[in-house]
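Hello,

Here is the structure I promised to pass on. My notes follow below it.

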Protein chains: 2
Amino acid sequence: MNVSEAIELLNDKGFKTTSRRKDILTYFFDADGYRTAKELMQHMEAIHEGISFDTVYRNLNIYHEIGILESTELNGEKLFRMNCTNEHHHHFICKECGKTKEIALCPMDDIKGTLKNYYIEGHKFEIYGLCPGCLSA
Amino acid sequence: MNVSEAIELLNDKGFKTTSRRKDILTYFFDADGYRTAKELMQHMEAIHEGISFDTVYRNLNIYHEIGILESTELNGEKLFRMNCTNEHHHHFICKECGKTKEIALCPMDDIKGTLKNYYIEGHKFEIYGLCPGCLSA
DNA sequence: TTACAAATCGAAACCATTACGATATGATTA
DNA sequence: TAATCATATCGTAATGGTTTCGATTTGTAA
């Protein structure tokens, strides 16, 4: 998803377009990987002096709710990235730079049969490590 | 792992055996599934009036470090359970009662080939939902 | 350009977890 | 068994990430 698609979705849902919202979207579009609220906050403080936690966290949650961002949780901290918008898939996540690599294979396909009588609400499959770039650096 | 095996391991590592430590182990042995620090705290307060956060969290971390407990993270909270001590495997986790079902299949076996040049540090695969017991209740 | 709902600010509150000085206790040794 | 001492625990304060709130500002529809 790119920035203008995200703004369009934001408007469709009845949210206003503000400079802070645009800058948050641009940040994640450029990031191309997972980022923490803290990292976003630091970036935003540089261009909007005095920006509040409220603004950052509220917008992260809105973006996640309406599908602009996807999120995961690592070491007690939430991470966000632009939504991939394509087929169901999983991610390798670089612990150094946050960049991701899509994993097309979903283990659920092979497992559903072994969970008869269970209600499956969701699943999480993620691989952590270092990407080739960070590995050579 | 049962309580006496856990106590033996604790002693081998040079830790002392206290009534609190034994009661924590018994709690997890009986629980047969994931529990939060809060749930443990509530249980412990009933049998050791005035028990401190320090005691609960410190022992959870010690138990996790030496492999008595395994842990995961859900909604910003850590969950702990007795270590299964057998082959590498994953879990279905019941969101209602915390009970788990082992999933023998590990998706990493099929995926390692697609991550040449990546350093793989770890992975997480978990399935969430309701177990048959909670489903019928 | 007005009007008003929605967004933002600044700061406090919240929740899970960690840390710390003082005291108590398990286990080793005499 | 009693003395010793490192370790465990208590009571409480601090921390880190996140959420919430009243007051003010700002998009946007009329």
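**The surface near DNA strand D**

Four helices and strands each supply at least two residues of the surface near DNA strand D: α4 (53-65) and β3 (77-82) of chain A, and α2 and α4 of chain B. Helices (H or I, at least four residues) and strands (E, at least two) are DSSP runs, numbered from the N terminus. This is a predicted model: local features need pLDDT of at least 70, side-chain atom pairs pLDDT 80 or more, while totals for chains, interfaces and linings use all residues. Residues are numbered from 1 along each chain as written, chains are lettered from A and ligands numbered from 1 in written order, and side-chain values use heavy atoms, without hydrogens and water.

α4(B) gives the most to this surface, with five residues. In total, 23 residues surround DNA strand D (near means a heavy atom within 4 Å). The closest are D54(A), T18(B), R20(B), G50(B) and T55(B). Sugar and phosphate make up 61% of the DNA strand D atoms within 4 Å of the protein.

Now the polar contacts (pairs of N or O atoms within 3.5 Å). R21(B) has a polar side-chain atom 2.8 Å from a phosphate oxygen of DNA strand D. For N59(B), the distance to a phosphate oxygen is 3.1 Å. K16(B) reaches a base instead: a side-chain N or O atom lies 3.2 Å from a base nitrogen of DNA strand D.

Best wishes

Note on methods. Polar contact = N/O pair within 3.5 Å; in protein donor to acceptor, adjacent residues only side chain to side chain.
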